[in-house]
Amino acid sequence: FMRLLESDRTQFIYGVTSSFGPRARVTIPPEEQRSHAREFSFRGNWARGFGGGYLEERVVRGIVFARLANFVAGNSKARPVVAERVAALLDGAMPPVPLDGQVGAGEVLPLAHVLAGLRSDDLEEGEANPIANGSPVSAALAADTAWLAGPRLGHAEQVLALSVEAWRAPLDPYDEALDGLDGDEGAAAARAALRRHLAGASPDGRRSGRVPLSYQVLAGLLGRAHRAVAGVAEAARVSLRSVTDNPVYLPPDARHPLGWVTSTGGFHNAMVYPALNALAAAWADLTGLAVQQVTELRALGLAGAPVPGPGSALSGLADEARAAARPTLLPAAVNDPQDDVSMPVFSAHRREAEAARCLDRAIAVLAAEAGQVLLAAGRQPAPPLAGLLESVTTGRGRGQA
């Protein structure tokens, strides 16, 4: 890269022969480009954000880890010593990164908090952007969400299976013979999970006739959640291995004997926020399904004293989940002549997390209601659900629940 730069220090290379951000049209004279690089501050006016809590420390560590992808693929305009400094951040405590106020074309605002302690007084030309310009925040948020989403979905499936047992719903909608009929791998995975939880369930006494739709469509809605979880995991997989430098250095080839540099927009991750939107919507629908199943179980009149929490509160919970699942779309930043599109991943992350919290609360109420119905009827669920029933009715076995 330095050979390329030395060949013509008047060529446009963002952040190297030009200034940063809204001042990108300002040309940096060749004799000032080294000092321009060393004047860059990772904190200064870049670090903004306010209120609303902070990212979990594990997510901040994930941001640092994702940033290191830029230094291993051969496209980074940085010396090994700079990569080593970024890696060394993992050896200490992570700085707090605010959740709110992180609105910009890319991720430089949250990255300024992450990199605040990084030494920058000896940077060479081009070395600021590989550190602070890219989309490692999106990659880390996707990875962390995927890590949490799998167990959350698994627990929801377990509780919904307990609800199937409490209502004595027919087991036919979860039969493996259906797996090849709809071509839906997500629904097939959901039916397989329900079959595991319901293995050994007694076929006797199953209700027929008017079976609530919340039990008939259970596999389909869980299948949607499986696809959404897989979508976030795929967005994380791709993002964690992506080179997102802007501008990025491409090594020499036949057309470019010294290599070349181009702006890529890598600071805007277009995969993660749609994946978070889809997951939030899946959580919201499962919340509504769980609330409806609570209503169906209460209508049986078997549980005796109702589970704390009136029906209106549960309906409000479903409304909260639906509101949280409103999709986060690409916002325009009309007051900025250069950065005219903002990065929406923080908004999508907040909405997915809120929808997930609504689902957790609804599933907890459903578990308690289903457990009370089974106890009142003197019935035991399918053997794989025995530990869950014990945990929700006696408080023991929480590790298994």
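**Figure 1. The largest cavity and its lining.** Helix H2 (residues 33-38) supplies three residues, the largest share of the lining of the largest cavity; helices are DSSP runs of H or I with at least four residues, numbered from the N terminus. The model is predicted: local features need pLDDT of at least 70, side-chain atom pairs count only at pLDDT 80 or more, and totals for chains, interfaces and linings use all residues. Residues are numbered from 1 along each chain as its sequence is written, and side-chain values use heavy atoms, without hydrogens and water. A cavity is a set of points, on a 1 Å grid over the protein atoms alone, where a 1.4 Å probe fits but cannot get out, and lining residues have an atom within 4 Å of a point. The largest cavity holds about 60 Å³ of space, a volume being the space filled by probe spheres set on the points, which are joined across faces, edges and corners. Gly15, Ala37, Glu125, Gly126 and Glu127 are the closest to its centre among the 13 lining residues.

**Figure 2. The second largest cavity.** This cavity has a volume of about 40 Å³. Its lining consists of Ala66, Arg67, Asn70, Ser135, Pro136, Ala139, Ser239, Ser242 and Thr244. H3 and H7 are the elements that give two or more residues to this lining.

**Figure 3. The second largest pocket.** A pocket is an open set of points with protein on both sides within 12 Å along at least five of seven lines. The second largest pocket contains about 420 Å³ of space. Of its 20 lining residues, Leu99, His349, Ala353, Glu354 and Arg357 lie nearest the centre. H13 gives the most to this lining, eight residues.
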